[in-house]
Amino acid sequence: MLLALRNQLKRPLTLVFVSLVVLITGVVAADYFTGLPKTAVATYVGRDACVECHQTESLAFKGSHHDLAMDVATDESVIGNFNDVVFEHDGLQNRLFRDGDRFMVHTEGPDGEMQDFEVKYVFGVDPLQQYMVEFDRDPEASEDEIGRLQVLRISWDTQRKEWFYLRPPDVPEKLEPDDPLHWTGVAQRWQTMCADCHSTNLKTNHDVETLTYHTTFSEIDVSCEACHGPASLHIELARGNSLFWDRHHGYGLAHLKGEDATGQLEACAPCHSRRSVMDADYQAGDPFCSHFNLELLRGDTYHDDGQIKDEVYVYGSFVQSKMFHKGIRCTDCHDPHSLELKHPGNETCTSCHQHAAGKYDVPSHHHHAVGSEGAKCVNCHMPHTTYMEVDPRRDHSLRVPRPDLSVSIGTPNACSSCHVKDQLESISADKRESLTLYQDWLLAASEGDEEVADAISKTDQWCDEACEKWYGDNRQTPAHYGEILAGLRTGDSGIVSKALRYVTQPPEIAPVLARATTLDELLQNGRGREAISAAKTVLKDPSEHPILRATAARVLGASSPSDAVKILTPLLKDSSRLVRSEATKALVSSGGYQTLSGTRQKQADLAIDAIEDELMLASDRAGAHMAWASLSEQRGDYLEAVQAYENAIRVQPEMSGPRTNYAAMLDQLVAAAGQSRAAQSAIVQLFGGSGTLDALTKLASEKANQLRLDELPLLGRDAKLASDNADVQYRYGLALYLSGNLPAAEKQLQRAAELAPDVEIFSTALKLLQERMSETGQ
């Protein structure tokens with residue numbers, strides 16, 4: 001009886017418990033599934049919304065280089081001395097002074113006259129600070145818009161606390177006001193060169209018609225959302241009452257943590273890389289190769305073995321390293337908010353590279369006195385190059401020094417970077433003062449100074465022998481892709497088979513950037529057939545990295561139209577915009593596009609429209625319009641090509657190139673007009689429907705001749721400024737020939753042939769010109 005009663009009492013309690021569990025489960029499930037809409041779009045809210053919960057990170061960020069990347073010129077932000085200081089360079093007496101609250105500079109303006117300019121913004125904080133002046137502000141612009149900003153070359157050295165003049169590399173003479181390198185020229189324009197990496201959510205907003213800017217940003221410097229992405233959804237979720245983050249959007253920010261380092265690295269890469277932009281709508285967390293085109297290991301920006309030469313901003317170096325392939329990320333060494341190193345000195349390295357006690361941070365490894373510069377890990381494995389006169393930046397390829405490669409292929413090495421100074425006494429006294437940095441020695445040798453080159457060679461040999469003595473059988477001297485690139489660039493046919501094998505090596509053995517560069521160099525150095533074959537092999541594997549696949553697609557621009565259509569058309573739908581972009585351009589340049597019809601041509605046209613959008617992100621540069629003109633010309637859209645060439649001339653009237661290419665297109669149409677209906681139609685469209693075809697063709701010829709005449713002084717200027725550049729001398733020589741000035745043309749072609757005796761086209765052009773001059777008695 002009692003047992004039955006007990007069971008009857010337990011039954012309601014069980015039902016209550018089960019009901020409670022079901023209710024709680026339902027509430028939790030409803031909470032989980034009642035999240036933000038899948039289509040919800042995050043917007044920028046500013047750093048103040050982050051401080052509420054992230055005070056520790058905010059304090060670390062305050063005063064960092066990201067925080068001080070750019071600012072309005074105020075008493076707090078300006079570091080330089082504007083207390084009526086006179087600073088002289090190139091015979092100009094510049095004055096830096098105050099006008100009430102305004103910071104002013106009296107210097108040479110775009111018209112060559114000395115004028116007063118107001119400094120509106122400051123740029124950077126250490127080791128230098130630069131200053132910016134606003135031009136061409138639209139009277140109708142709103143307060144949050146910025147007109148064209150130009151960066152003064154007069155800069156403040158924050159270490160020495162003095163003004164200095166930031167010269168362009170290899171330009172010792174005074175810059176004329178019409179030079180694009182002058183502080184008022186395009187090369188010193190904030191929107192063109194600096195803006196998108198020094199501000200958050202920047203929109204350039206260049207108007208091609210009015211040649212004005214309406215630039216905006218959500219924050220003036222590199223703030224929280226530049227790295228974490230727009231935070232509105234995160235703020236909404238954080239302030240909500242849900243037990244969960246959102247099932248569609250996670251915690252509403254870019255995923256920068258986790259086992260895979262890719263997310264974090266690709267959040268840093270857009271600003272810490274030398275790249276072009278393909279899509280202005282990038283946000284942190286997006287795939288890098290769907291928004292940016294990383295520059296390959298070009299010979300003018302990297303040494304043959306991938307060490308930094310010009311400014312490449314770290315990422316292109318880091319992806320070559322073993323560290324990258326082992327999953328190391330930026331925050332393993334750097335605090336992500338203060339940007340400072342996490343440990344002092346060698347501890348930055350030995351915090352991970354401990355291994356057996358005392359294996360690395362001891363003389364038996366580095367063979368230098370403890371505490372000396374030679375005992376610092378970074379000086380051997382991350383040698384620096386100084387840019388902007390005062391800014392040393394370390395190579396992040398984190399490599400073992402290879403003086404043996406210096407001996408065999410002439411690349412730099414960390415050992416010689418210090419020990420080359422041991423040869424200073426062997427150098428003529430008048431040169432010693434100019435050889436302050438290792439890069440000064442390298443530059444002098446590259447420009448033909450045999451005395452300096454010999455001193456470097458002796459140093460390399462000494463360093464190689466020292467390493468052999470120190471490390472013996474344990475010395476690491478494996479085959480290196482630098483040997484392949486050096487061989488291709490010097491025309492060594494024996495290296496081609498190694499290059500072809502290297503292109504298809506796995507990424508853990510061969511960095512993708514080196515493989516892509518090798519494939520590109522095969523094409524550029526006359527190995528088109530082999531390069532095309534290798535490119536086809538690469539594109540058979542859809543898992544290959546987008547950088548390599550995009551390079552392979554570009555190589556197929558040199559293939560037959562049928563091959564291009566067969567292989568490239570499917571790539572127009574590739575998941576990576578980089579691959580789609582290169583495949584589209586290659587399809588056109590190969591002639592494959594011209595054979596398409598129907599649905600396939602419409603698909604290609606949509607892809608080409610995307611190329612135009614990509615190019616016009618740089619609509620303030622003539623090169624973007626020239627690229628679009630060339631693509632339009634190849635498609636047979638001559639009206640569009642003419643508009644693009646004329647836009648290029650309007651945007652940068654001082655630039656050589658657009659007029660020459662424009663004239664060449666007209667010449668081709670005139671030459672084909674007698675037989676091609678397409679050429680006839682184009683001439684009629686371009687020069688009006690009235691008049692005979694002969695009359696319109698004559699107008700086209702006259703237009704081409706005028707364009708070449710307009711280009712001549714610009715080419716002459718370039719030939720004078722780049723007197724040792726064979727290509728520039730050759731182009732000027734051809735222009736002089738077409739203008740009828742054969743003696744002057746002979747002089748320029750002779751110069752080109754002397755500068756590059758191995759380039760057959762230069763010597764052939766000179767020979768043909770001299771034969772013609774002989775026939776005509778000139």
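1. Start with helix 29 (residues 677–687) and helix 30 (residues 693–721): in this predicted model, their axes come within 9 Å and cross at roughly 70°. That angle makes helix 29 roughly perpendicular to helix 30, because anything from 65 to 115 degrees gets that label. If you want to click through the contact, helix 29 brings Gln680, Ile683, Val684 and Phe687. From helix 30 come Leu693, Leu696, Thr697, Leu699, Ala700 and Lys703. Sorted by class, the contact of helix 29 with helix 30 has seven nonpolar, two polar and one charged residues.

2. Now look at another helix pair, helix 24 (residues 577–589) and helix 26 (residues 622–635). Their axes also come within 9 Å, with a crossing of roughly 45°. That makes helix 24 oblique to helix 26. On the helix 24 side, the contact uses Lys585, Val588 and Ser589, and helix 26 answers with Leu631, Gln634 and Arg635. The residues of this contact split into two nonpolar, two polar and two charged.

3. For residues 726–759 the figures are 82% helix and 0% strand, with the end C-alpha atoms 9 Å apart.

4. The UniProt annotation "domain: Cytochrome c-552/4", from an unreviewed entry, covers residues 191–229. Here the model gives 21% helix and 10% strand, and the end C-alpha atoms of residues 191–229 lie 22 Å apart.

5. As a reminder, strands of a sheet pair through backbone hydrogen bonds, either parallel or antiparallel.

6. Which strand does strand 3 join through five bridges? The partner is strand 4: residues 92–99 of strand 3 and residues 102–108 of strand 4 run antiparallel. For a landmark on this pairing, find Phe97, which stands opposite Met104 in strand 4.

7. Two backbone spots deserve a look. A cis peptide bond joins Asp126 and Pro127, with omega at about 5°. Pro127 lies in the loop between strand 6 (121–123) and strand 7 (128–135). The other spot is Lys161, which has a positive phi of about 55° although it is not a glycine. You'll find Lys161 in the loop between strand 9 (154–157) and strand 10 (162–165).

8. Finally, the whole chain. The secondary structure of the protein chain comes to 33 helices and 16 strands. Along the principal axes, its C-alpha atoms fill a box of roughly 135 × 75 × 70 Å. How does the radius of gyration of the protein chain, with 778 residues, sit against that of a compact globule? The globule would have a value near 28 Å and the protein chain has 31 Å, so the two agree.

Methods: Residues are numbered from 1 along each chain as its sequence is written. This is a predicted model: local features need pLDDT of at least 70, side-chain atom pairs count only at pLDDT 80 or more; totals for chains, interfaces and linings use all residues. Side-chain values use heavy atoms; hydrogens and water are left out. Two strands pair if DSSP finds at least two bridges between them. Helices (H or I, at least four residues) and strands (E, at least two) are DSSP runs, numbered from the N terminus. UniProt positions are given in the numbering used here, feature names are shortened, and annotations may be inferred rather than shown by experiment. Axes are lines fitted to C-alpha atoms, for helices over the stretch in contact, and angles run from 0 to 180 degrees between N-to-C directions. Angles under 35 degrees count as roughly parallel, over 145 as roughly antiparallel, 65 to 115 as roughly perpendicular and the rest as oblique. Contact means heavy atoms within 4.5 Å. Ala, Val, Leu, Ile, Met, Phe, Trp, Tyr, Cys and Pro count as nonpolar, Asp, Glu, Lys and Arg as charged, and the others, Gly among them, as polar. The radius of gyration is taken over C-alpha atoms; the globule rule is 2.2 Å times the number of residues to the power 0.38.
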